[in-house]
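Biologist: Hello! Could you show me how to read the features of a model like this one?

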Amino acid sequence: MTQVQRSQSTLRVRPLSGHIGAEIEGLDLASLALDNRDNEGFATLKSLFLQYQVVILRNQTLTRDQHIALGKRFGDLHVHPMAKGPEGYPEIFPIEADANSSNDPKDIRGGKRAVNGGHWHSDVSCDVEPPLGSLLYLRDVPEYGGDTLFSSGYAAYEALSPALQSLLEGLTAVHSGEATYRLHYGHQAAKDRSQFGFKNGADYPEAVHPVVRTHPETGRKSLFVNRGFTREIVELSHTESQALLEFLYRHQETPEFTVRLNWTPNSLAIWDNRCTQHRAIFDYSGLARRGERVTVKGDRPYFSETASAVEWGLVG
Ligand SMILES: [Fe+2]
């Protein structure tokens, strides 16, 4: 447990693994949500978020407005193109699994299975400017199960040999939303596509990002490919691309680069989408897990030895 002295209270930080994740005690998020108040507290929270990549704070009482206000302290909020928020709150991404939820794969299209995030991904990496990060507040959690796995793209990158690092630094990859949109938002997507003249998936969100990205705030390099959205490495043949991507996915799933977050009621986790990926574990069939997420807009990913922005081309 690391103790951080602040002027009014002592904040405690408990790292959860060797490379990623920390639990923070001694911060009241509702008071941090109010703009221009307790700036020292927010600066500390932001710096721990950057260092640990995902942080969790337990026993927090947050209204929906306070949750949104806290998110806005990190930056402008992202509105998910497909997931609908509650009335009047388009920036809220609901996370809902009720007692009828199922972890049976055959229920995935039937609305019974809790489908959000059940595979390794970084959020909406098919966007040209993927989100900076997310703040997920879970009010109801199952008696057992429902953990979330996170993996550090920094740790995965830094563990590679210099020869492979150098190869990857010259590569870019296509990230596509098509598979996710078809699977999770099937009926709605079909309706919306016809409304907006979408054809054959050509208008699903798609972007090209560097395989290794430089974090715009820390300057550290991170792997930035994930099973959920990455489809192809542009500069390689299809066969080379599939083999290399599969290696990189498995490499990032190495347990030493990950942390497993256990939720308790009224916990809020904040993760940095620029240098991590995550996977929600659906092992709580028949139990409820409910909460809400706000997502902070991010920058266009770039790779640079000197951390200066580089423009990358769009696909299609
Ligand atoms: Fe996610």
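Modeller: Gladly. On a 1 Å grid over the protein atoms alone, a cavity is a set of points where a 1.4 Å probe fits but cannot get out, and its lining residues have an atom within 4 Å of a point. This is a predicted model, where local features need pLDDT of at least 70, side-chain atom pairs count only at pLDDT 80 or more, and totals for chains, interfaces and linings use all residues. Residues are numbered from 1 along each chain as its sequence is written, and side-chain values use heavy atoms, with hydrogens and water left out.

Biologist: Which residues line the second largest cavity?

Modeller: Among them are Ser122, Phe224, Gln252, Arg274 and Cys275. The lining of this second largest cavity divides into four nonpolar residues, seven polar and one charged. Here Ala, Val, Leu, Ile, Met, Phe, Trp, Tyr, Cys and Pro count as nonpolar, Asp, Glu, Lys and Arg as charged, and the others, Gly among them, as polar.

Biologist: And which residues coordinate the iron ion?

Modeller: Donors are N, O and S atoms within 2.8 Å of the metal (3.2 Å for Na, K and Ca); water is not among the atoms, so sites may look incomplete. In this model His121 (NE2), Asp123 (OD) and His278 (NE2) coordinate the iron ion, at 2.1 to 2.2 Å. Their spacing in sequence is H-x1-D-x154-H.

Biologist: Is aspartate 123 buried or exposed?

Modeller: Buried means under 20% relative accessible area, exposed over 50%, partly exposed in between (1.4 Å probe, protein chains only). Aspartate 123 is buried, at 4%, and histidine 278 is buried too, at 6%.

Technical notes. 1 Å grid on protein atoms, 1.4 Å probe; cavity = no way out; pocket = protein on both sides within 12 Å on 5 of 7 lines; lining within 4 Å.
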